[in-house]
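Visitor: I have just opened this entry and would like a guided tour. Could you take my questions one by one?

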Amino acid sequence: MARLRFRFRSIQTHMVLAFTLLILITILAMSIASYYMTKEAVKSNAQVYTAELVNQVNNNIRAYVNGMKDMAELAAGSYVIQNFLSVEAFADPEEELYYKEIISDFLGSMMVSRTDISSVSIFGYNGQFVSGNRDLELNPHIDPTALDWFRSAREAAGQHVISPPHVQPVFKDRYPWVVSLSLELSGKDGTKLGVLLIDLNFSVLNDMLRDIHLGPRGYLFIVDADGNIVYHPQQQLIYSGLKTELIERVLETGSGIFTGEQDGNRRMYIVKDSGFGWKIVGVAYENELVGNQRQIQLSIFLLGIACIVIAAALSLFLSRRIIQPIKRLQKSMQEVEKGNFDIHVPVSGTFETSKLAHAFNIMVSKIRELMWQIVQDQEQKRKSELNALQAQINPHFLYNTLDSIIWMAECNRTREVIQMTSALAKLFRASISKGEELVPVETEIVHIENYLKIQKMRYKNKLDYQIDVDDSLKHYQTIKVILQPIVENAIYHGIKKKKGPGLITITAREEGKDLILRVSDNGIGMDRDTLRALLEPAPPGREGRGVGVRNVHERLQLYFGKSYGLSFESTPGEGTTAYIRFPKIPSAMGGESA
Amino acid sequence: MMAKMKWLAAASVILVAAALGLTDWFHRMTFPRPARVEVIIKTNTMEFWQVLVDGVHVAAEEFKAEVRVNGPRTEADVDGQIAMVEDAIRRKPDAIVLAATDFDRLVPVAQNVIDNGIRLIIVDSGINADIAHSVVQTDNVAAGNKAGRVMQEHLQGPTKVAIISFVKNAASLLDREKGVREVLEGDPRIVRLDTYYVDGSEQNAYSKVMEILRKDPDVTGVIGLNEGTTVGAGKAIRELGLKDRVTLVGFDNSLEEIKFLEEGVLKATVIQRPFSMGYLSIKTAVEAISGKKVPKTIDTGSLVITRQNMYEEENQKLLFPFVRS
């Protein structure tokens with residue numbers, strides 16, 4: 001759980017999520033926009049196409065109707081027909097038959113090569129009937145004058161009448177579906193003679209219209225001026241009341257486009273007025289106008305998914321690239337956390353991360369420096385502690401000396417008191433040296449001389465000393481108060497325990513870059529163990545002997561390094577020699593350099 | 001690093017799976033499998049059924065169904081139809097539309113349809129069991145009533161009326177007979193009302209009516225319960241020259257019936273809307289398949305056609321349908 005949360009809080013996850021989300025939204029917006037734009041484009045194309053189709057159909061129908069009209073004009077102007085119809089009753093049946101044959105041939109000739117025309121016939125008001133097709137007989141059970149096309153031709157008085165499609169029952173044994181053009185015929189004198197009937201095979205129109213599809217479900221229908229449906233592919237459904245059409249709106253719309261909703265489908269109606277009363281209406285389902293709408297949806301959807309997958313992969317890759325240097329940096333930081341400061345992060349990757357790495361490197365080196373500084377400071381602190389130790393030496397000696405002075409004063413040895421006090425004063429002057437740690441060897445010699453003078457006065461004939469240091473060496477620098485503890489040690493542990501007078505000899509010599517001071521006594525000497533114990537750290541709680549000597553050794557090593565310090569040579573019964581080794585530092589460049 | 005790789009692999013697998021699933025779902029939403037409907041009619045030789053099948057095809061196109069139409073050669077071939085239904089069940093369609101040739105004998109096989117989880121829509125003629133999801137038919141009792149009322153208008157009593165039924169056990173014919181009898185049985189002018197069966201043959205109907213009219217001159221009313229019986233009776237009446245004395249009221253329509261109407265042999269015919277039946281049966285089947293609630297019965301209505309109204313625009317379309325070639 002915690003791991004998971006950690007994962008969700010990682011930059012990489014954030015970046016991948018952010019990238020993916022960003023791309024998702026972008027792709028979504030783009031897809032939707034492009035989908036709708038495509039849809040609109042296709043839709044308007046489809047609209048144009050539908051309108052063209054409707055126009056085409058309109059032209060075809062007009063061509064049929066105009067063909068019928070031309071034929072009607074031709075027949076109406078025929079003298080033969082007029083003459084024939086104007087005769088009420090032929091005296092001679094031969095003549096009547098002759099007329100009929102001529103007229104039948106005439107009408108028949110108009111039908112030649114017109115498969116769309118089912119029949120051309122004339123019906124005289126005196127009961128005459130002639131058809132262009134001689135096989136046609138009248139249906140004995142039907143009265144032609146009662147039929148719609150006959151009546152309306154009569155009412156129209158010389159104007160063409162186009163009927164809606166209907167079953168033509170006037171001929172025996174035939175019930176064809178036709179569109180009738182009827183026209184009242186009249187003579188030159190204006191007498192009404194009869195009605196001309198031209199039937200157009202409705203199947204011609206039907207076949208033409210039925211094969212027109214506006215999209216998978218779109219269709220075409222025709223209404224006449226009264227709103228009667230002339231043709232509809234689902235006429236049966238309309239008459240059964242299973243379907244309705246927006247006929248009123250079609251009638252309101254002269255020619256044009258409107259959108260209507262029916263059965264929960266938005267449909268586009270493209271209305272075209274044919275000019276002879278019919279209106280041709282193309283109906284297209286709006287959701288089908290874009291024929292391959294689903295395909296477009298699917299392909300855009302799939303493309304979107306592909307893009308998202310690619311985007312996810314890419315963002316993973318990119319974020320890894322960005323994150324990798326940061327991770328490296330993090331690893332290095334963990335190292336630092338563990339305490340390893342000796343690392344250097346390679347400065348690579350993006351600008352920001354390289355900056356970060358650079359800054360980190362600087363920081364680590366700073367820390368390293370600071371830590372070193374702290375070590376230095378610590379050392380410094382230790383030095384000052386040593387200084388304090390060193391300061392401790394003097395009081396010890398001081399009260400011994402003062403004891404001696406008191407003792408001498410009590411014995412009224414005034415001259416000696418003066419001598420001793422003067423020596424003490426000189427000793428202190430030499431040891432104070434303005435608080436500087438380094439002093440010229442000369443000062444140290446002065447110091448030890450006065451010290452020995454004081455001790456000689458205390459020990460009388462028991463102690464003698466000899467200082468033999470070349471003047472050329474006296475200007476070298478040394479840390480102060482290094483001879484006194486050694487001499488003190490020689491006096492207390494060498495000469496004091498010896499019978500008879502002791503001699504302390506102090507000499508100096510150069511050895512390469514080093515200067516060696518030599519302090520030898522002819523005291524009781526030391527055995528090997530004592531000698532070794534001399535420079536080892538004192539067990540806690542047991543100070544005393546060797547404190548001063550060790551202190552000198554430590555200070556020398558601290559100040560000049562491990563290769564410097566004290567060394568002893570001793571032969572029991574014969575004496576001890578201490579060597580003090582330190583580098584030659586001329587006083588001119590004397591200073592607190594380490 | 002290993003864990004990360006695993007995580008990555010798992011994520012991509014899930015992503016791909018999700019994408020595939022989504023695509024599949026989208027595909028199914030986008031291109032739904034068309035419903036498969038088996039239509040078994042009574043016979044495929046008569047115009048009535050051709051018009052009905054026309055309606056089936058129009059609906060199939062509109063509602064995107066795959067239909068397969070079958071029917072025995074004659075309405076009397078009940079066994080043939082049962083075999084066809086069994087065949088259809090084996091093809092595991094989503095729905096079967098059935099016009100039963102026999103009221104009782106189709107019941108077991110219809111039950112079999114239901115038991116196989118196939119939607120059953122009854123069209124035109126029902127079965128003696130209330131198991132179909134929907135019944136699309138003319139209210140034949142009401143149609144029978146109409147025929148009976150037309151007959152009443154023409155009758156002068158006392159008289160005898162003969163009802164000619166095509167086959168014995170078809171639901172549509174039983175209902176029509178019932179409807180006719182509901183009206184005529186209460187009429188005091190009618191002294192005798194008999195039903196004759198002609199074994200599914202127009203020729204038999206013709207001979208039977210000839211026989212009745214010759215034997216009993218008191219019979220002045222004949223009702224043919226379907227096209228075959230009406231045409232058979234019409235031929236007999238025309239041949240005997242009895243069109244002014246005998247009132248013939250029929251059912252359904254055909255060119256021959258139209259001629260009889262024009263001639264006056266047939267006083268009226270009660271027509272159904274076979275196109276609507278075919279159309280609505282498929283529409284209902286598709287709705288039932290998609291899980292919509294469908295009405296238990298759908299009445300497609302009937303009309304009385306006489307010589308006077310036969311050329312009215314609406315009636316023309318029903319009487320002279322364009323049958324798809």
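What follows is a set of questions and answers on this predicted model.

Visitor: What ipTM does the predictor give the complex?
Guide: This is a predicted model, with scores from the predictor. The pTM of the complex is 0.60. The ipTM is 0.77.

Visitor: What share of the residues of chain B score a pLDDT of at least 70?
Guide: Start with the mean. Chain B averages a pLDDT of 87. The share of its residues that score at least 70 is 95%.

Visitor: Which element of chain B has the lowest mean pLDDT?
Guide: Take the other end of the scale to begin with. S9(B) has the highest mean among the elements of chain B, at 94. The lowest mean is 69, and it belongs to H1(B).

Visitor: Where in chain A is the pLDDT below 50?
Guide: Chain A averages 81, and 91% of its residues score at least 70. One stretch falls below 50. Beyond near neighbours in sequence, that stretch has 3 contacts in the model. It covers residues 589-594 of chain A.

Visitor: Which element gives the largest share of the side of chain B that touches chain A?
Guide: The contact takes 29 residues from chain B and 27 residues from chain A. On the chain B side, the elements that give two or more residues are H1, H2, H9, H10 and H11 of chain B. The largest share is 7 residues, and it comes from H1(B).

Visitor: In which sense do S9 and S10 of chain B pair, parallel or antiparallel?
Guide: S9(B) covers residues 247-251, and S10(B) covers residues 266-272. Gly250(B) stands opposite Thr269(B) in S10(B). The two strands pair over 4 bridges, and the sense is parallel.

Visitor: How far apart are the axes of H2(B) and H10(B)?
Guide: These helices pack at an angle of about 35°. H2(B) passes H10(B) in a right-handed crossing. The residues of their contact divide into 15 nonpolar, 4 polar and 2 charged. The axes are 6 Å apart.

Visitor: Is H7(B) parallel or oblique to H8(B)?
Guide: Their axes come within 7 Å and cross at roughly 45°. That angle makes the relation of H7(B) to H8(B) oblique.

Visitor: How many residues of the contact of H7(B) with H8(B) are nonpolar?
Guide: H7(B) brings residues including Tyr206(B) and Leu213(B), and H8(B) brings residues including Val231(B) and Leu240(B). The contact also has 4 polar and 2 charged residues. The nonpolar count is 9.

Visitor: Which strands stand at the edges of the sheet of 5 strands in chain A?
Guide: This open sheet runs in the order S13-S15-S16-S18-S17, with mixed pairing. The twist averages 15° from one strand to the next. Each edge strand has a single partner strand. They are S13 and S17 of chain A.

Visitor: What is the angle between H13(A) and H14(A)?
Guide: Their axes are 9 Å apart. H13(A) is roughly parallel to H14(A). Residues that meet there include Tyr451(A) in H13(A) and Val487(A) in H14(A). The angle is about 30°.

Conventions: Residues numbered from 1 in each chain as written. Chains lettered and ligands numbered in written order. Predicted model: local features only at pLDDT ≥ 70, side-chain atom pairs only at ≥ 80, totals over all residues. Contact = placed C-beta atoms within 7 Å. Pairing = 2+ DSSP bridges. pLDDT = per-residue confidence, 0-100. Axes fitted to C-alpha atoms, helices over the stretch in contact; angles between N-to-C directions. Parallel < 35°, antiparallel > 145°, perpendicular 65-115°, else oblique. Left-handed = near helix turned anticlockwise from the far one by under 90°. Nonpolar A, V, L, I, M, F, W, Y, C, P; charged D, E, K, R; others polar.
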